[in-house]
Amino acid sequence: MQGAREDVIVVGAGAIGLAAALALRAQGRQVRVIDRGRIGGATSHGNCGTITPSHAPPLAAPGVPLRALRWMLDPRAPLYVRTRLDPTLWRWLLQFGARCNARDWLQSTRARAALLNDSRLRLAEWVQAHALDCEFDTRGLDYVFGNARNFDRHAAECEALAAQGIATYCIEGADYARANPAFHDRLAGAIHFPGDAQLRPDRYTAEMARVLRAQGVVIDECLDVQDFSDDAQGVRVQVGGQVVRARELVLATGPWSRDWARQLDLRVPIQPGKGYSLTWSRPLQVPQRPVVLKDHSVFVIAWREALRLGGTMEFAGADPQLRTARLQALQQAADHYLRAPRGAQLQEQWCGWRPMSVDDVPLIGRAPAHPHVWLAAGHGMLGISMSAGTGQLIADLVCGRTPAIDPAPYRPERFR
């Protein structure tokens with residue numbers, strides 16, 4: 001393959017990379033996708049598949065540092081930091097803590113809302129246009145609360161969400177339990193987000209790959225990109241021991257983007273946040289739509305053949321260990337709220353890394369001083385939710401078209 005030439009190479013076959021490839025192909029570009037693993041096999045795989053404009057508010061919010069200090073040493077808490085000597089992590093945590101104020105919260109909320117809302121609408125269009133068989137459904141999502149003070153606190157934020165175009169309905173706990181028999185009646189309240197949606201992430205990535213291949217896109221799995229260099233004419237990519245020239249290179253490498261950014265002399269404050277999920281066969285009684293058990297930050301979603309529990313955020317570096325305490329925390333939260341919190345068969349226990357940017361806003365755009373290298377990274381827990389909007393934004397920028405949303409909040413060089 002020495003001397004072979006490509007138009008656009010996308011590194012990463014997760015939801016972000018595949019969405020970028022699909023949007024680029026729609027604009028007439030020839031695309032090749034390369035991944036060192038399997039299609040959708042890394043960060044995208046264990047996702048709960050919720051499409052959530054409701055999650056526009058960032059994790060960095062007023063009051064979070066105090067709650068985080070209480071949680072930090074509890075391995076079952078929603079946020080857990082394993083104590084170790086890691087200057088990069090502690091610098092990231094200090095920067096994150098500094099952003100837990102009203103001004104930065106609003107700035108990140110606006111940026112996330114624009115991308116989430118665009119992605120939600122665009123994803124529905126893609127599902128219809130490409131006949132994506134991925135269990136896409138638009139029944140919305142619910143926050144469910146057992147703690148009355150927590151319910152009141154989140155209900156008070158609904159006005160701020162409405163200002164970002166995010167509709168909400170607050171429901172008293174007893175009323176919600178009567179209408180949703182999958183739950184015990186120990187609820188303080190619920191908030192319904194009618195604009196949210198859901199899909200099954202493994203089928204979403206598999207279906208995008210099917211469409212791309214039908215359009216002539218080559219997707220190379222289990223092929224490692226070792227290095228790249230660029231000049232005014234394009235990019236040289238060293239892949240599988242060979243060199244391929246490309247006109248453009250898109251790096252959609254999730255938690256591993258930080259390593260590539262060093263080569264670009266680009267400061268990318270991304271930390272790998274470890275998330276967990278449990279997947280059961282579908283029990284007889286399931287919630288009517290996806291829910292977040294907000295007192296525990298645990299997602300519950302039912303598909304045709306499965307029930308998935310997901311959540312938690314663990315900062316433990318690149319440790320791949322599946323920690324029993326974290327999985328137990330997911331199950332215990334479901335046990336407390338649901339009448340049928342598990343199916344007959346445990347299908348999968350999973351953990352994986354989410355690319356957490358310090359401002360909770362992804363990095364999307366051209367790498368400074370590298371005219372043919374593009375970055376799409378740092379989507380945190382919202383890679384599936386933001387995939388279609390990110391893919392379209394990258395395609396518009398690469399092709400020199402006016403984007404549907406303002407790209408400025410996502411520019412990769414904003415941390416310089």
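The legends below describe close-up views of a predicted model.

**View 1. The largest nonpolar core, with Trp126 and Tyr204 among its residues.** This core has 66 residues, and those with the most contacts inside it are Trp126 and Tyr204. Helix α1, which spans residues 15-26, gives the most to this core, contributing 9 residues. Leaving aside residues up to four places away in sequence, Tyr204 touches Ala15, Leu123, Trp126, Leu132, Cys134, Leu199, Ile384, Ser387 and Ala388. Another core lies apart from it and has 39 residues, including Leu79, Trp92, Phe96 and Val358. In soluble globular proteins, nonpolar side chains tend to be buried together.

**View 2. Helix α8, residues 201-214, and the elements that cover its buried residues.** Helix α8 has 14 residues and reaches 20 Å from its first C-alpha to its last, close to the 20 Å expected at 1.5 Å a residue. The buried residues of α8 are Pro201, Tyr204, Thr205, Glu207, Met208, Ala209, Val211 and Leu212. What covers them includes helix α1, helix α4 (102-130), strand β9 (218-220), strand β16 (306-315) and helix α11 (383-398). After α8 comes Gly216, whose phi is positive, near 90°.

**View 3. The stacked aromatic pair of Trp92 and Phe96.** The structure holds 7 aromatic pairs. One of them joins Trp92 and Phe96, whose rings are stacked, with 5.3 Å from centre to centre and 10° between the planes. Because Trp92 and Phe96 are 4 residues apart in helix α3 (residues 87-98), about one helical turn separates them.

**View 4. The aromatic cluster of Tyr143, Phe145, Phe151 and Phe193, with Lys294 and His154.** Tyr143, Phe145, Phe151 and Phe193 form one aromatic cluster. Lys294 lies over the face of Tyr143, at 4.4 Å from the ring centre. His154, which has its place in helix α5 (residues 148-156), touches Tyr143, Phe145, Ile191 and Lys294 when residues up to four places away in sequence are not counted. With a relative accessible area of 12%, His154 is buried.

**View 5. Arg36 over the face of Trp256.** In this view a charged residue is again shown with an aromatic ring: Arg36 lies over the face of Trp256, at 4.7 Å from the ring centre.

View 6. With a cut-off of 2.5 Å between cysteine sulfur atoms, the count comes to 0 disulfides. At 8% relative accessibility, Cys158 counts as buried.

**View 7. Gln107 of helix α4 and Pro58.** Gln107 has its place in helix α4 and is partly exposed, with a relative accessible area of 47%. Although Gln107 and Pro58 are 49 residues apart along the chain, their C-alpha atoms are separated by 9.5 Å. Helix α4, to which Gln107 belongs, is included in what covers the buried residues of α8.

How values were computed:
Residues numbered from 1 in each chain as written. Predicted model: local features only at pLDDT ≥ 70, side-chain atom pairs only at ≥ 80, totals over all residues. Heavy atoms only, no water. Buried < 20%, exposed > 50% of the residue type's maximum accessible area, 1.4 Å probe, protein only. Phe/Tyr/Trp six-rings, centres within 6.5 Å; stacked < 30°, edge-to-face > 60°. Helix = DSSP H or I, 4+ residues; strand = E, 2+ residues; numbered from the N terminus. Lys NZ or Arg CZ within 6 Å of the ring centre and 35° of its normal. Core = buried A, V, L, I, M, F, W, Y, C linked by side-chain atoms within 4.5 Å. Contact = heavy atoms within 4.5 Å. Expected span 1.5 Å × (residues − 1).
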